[in-house]
Amino acid sequence: MPVKVIIPTPLRQFAGKHESVSLEAGTVGDALTALTSQFSDLKKHLYSDDGRLRSFVNVYVNDEDIRYLQREKTAVQQGDTISIVPSIAGGAKA
Amino acid sequence: MLILKQSLFEQIQAHGARDYPNECCGALLGDGGGTDRTVLGLVPLANQRDDSPSNRFEITSEDVRLAEKAASDKGWELIGWYHSHPDSPARPSDFDREHAWPWYSYIIFRVEKGEPREMRSWRLNDDRASYAEEGIEYIAGAPA
């Protein structure tokens, strides 16, 4: 089922400058795998070395944060929109 | 180069002084096209790290969305973020780097004993291993 994945501004340079991409996927995880397969430079900005989504990478299906759903196992269907939304963190040395 | 109006520079500094000894944070709105960027407006935000606000800051995805909407409502872009380092240098820490996004401009400024000091701007390199510093050009003028 084709779903729309919205690419946040800071990552568009690694996704052919697209604001969104249409991908075939049955789950959020499938969509992100397809996305990073198509645009491999995205991977290091979305995932840490242990293969997990970075903590500051937030993913929504329509308007729901996947943390409140089934995370990357959240099912998606045709017409759904997956949004990758940054949170911003940092701070001085401890 | 990051072009910053004097009035906005002063607002960022004031935010840092007000929140000292905690880190302040906010969004930079403006024109992100081209090599040089121009900051046209700010969205001061609440630091969500109330467990360790003196050396950590966090802006939630909800606040990021609000900042994006504030930018698009004015026909601008969300081009970066500012935060203060209380009594610490105005350069990215390892923690900053581990949590940074590419493309954004990150203004970091030192607030020493409540007084704003040097302000610098940085962009994460694509390899995520380091930053490139971008100069800040201050210009006269009120916020747009």
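Start where the two chains meet: select the 27 residues of chain B that are in contact with 17 residues of chain A, where two residues are in contact if their C-beta atoms, placed from the backbone, lie within 7 Å. This is a predicted model, in which local features need pLDDT of at least 70 and side-chain atom pairs count only at pLDDT 80 or more, while totals for chains, interfaces and linings use all residues. Residues are numbered from 1 along each chain as its sequence is written, and chains are lettered from A and ligands numbered from 1 in the order in which they are written.

On the side of chain B that touches chain A, at least two residues each are supplied by β4 (57-59), α2, β5 and α3 (94-99) of chain B; helices (H or I, at least four residues) and strands (E, at least two) are DSSP runs, numbered from the N terminus. The largest share, six residues, comes from β5(B). Coloured by class, this side of chain B shows twelve nonpolar, eight polar and seven charged residues, with Ala, Val, Leu, Ile, Met, Phe, Trp, Tyr, Cys and Pro counted as nonpolar, Asp, Glu, Lys and Arg as charged, and the others, Gly among them, as polar.

Next, select strand β6 (residues 88-90) of chain A together with β4(B), which pair in the antiparallel sense over three bridges; two strands pair if DSSP finds at least two bridges between them. Within this pair, A:A89 stands opposite B:E58. From there, move to α2(B), which lies across β3 and β5 of chain A and runs at about 95° to β5(A), with axes taken as lines fitted to C-alpha atoms, for helices over the stretch in contact, and angles running from 0 to 180 degrees between N-to-C directions.

Now show chain A by itself, where an open sheet of five strands has the order β2-β1-β5-β3-β4, with mixed pairing. Its edge strands are β2 (20-24) and β4 (64-65) of chain A, each of which pairs on one side only. Helix α1 (residues 28-38) of chain A packs on this sheet, touching β1, β2, β3 (57-61) and β5 (81-86) of chain A, and its direction makes about 115° with that of β2(A).

Stay with β3(A), where five of its five residues are buried, a residue being buried if 20 or more other C-beta atoms lie within 10 Å of its own, exposed if 12 or fewer, and partly exposed in between, with C-beta atoms placed from the backbone. On one side of this strand are A:V57, A:V59 and A:V61, and on the other A:N58 and A:Y60. β3(A) and β5(A) pair in the antiparallel sense over five bridges, and A:N58 stands opposite A:V85 in β5(A). With β4(A), β3(A) forms a hairpin that has two residues between the strands, and A:N62 in the turn has a positive phi of about 55°.

Turn to chain B, where an open sheet of eight strands has the order β8-β7-β6-β5-β2-β3-β1-β9, with mixed pairing. Because β8 (131-134) and β9 (136-139) of chain B stand at the edges, each with a single partner strand, one side of each is left without a neighbour in the sheet. The twist averages 35° from one strand to the next. Select β5(B) and β6(B), which run parallel and are joined by seven bridges; B:P86 stands opposite B:V111 in β6(B). Seven of the eight residues of β6(B) are buried, so β6(B) is largely enclosed by the rest of the structure.

Finish with B:E68, found in helix α2 of chain B. Is B:E68 buried or exposed? B:E68 is buried, with 20 other C-beta atoms within 10 Å.

As for confidence, chain B averages a pLDDT of 95, and 98% of the residues score at least 70, pLDDT being the predictor's confidence in each residue, from 0 to 100. The predictor gives the complex an ipTM of 0.91 and a pTM of 0.94.
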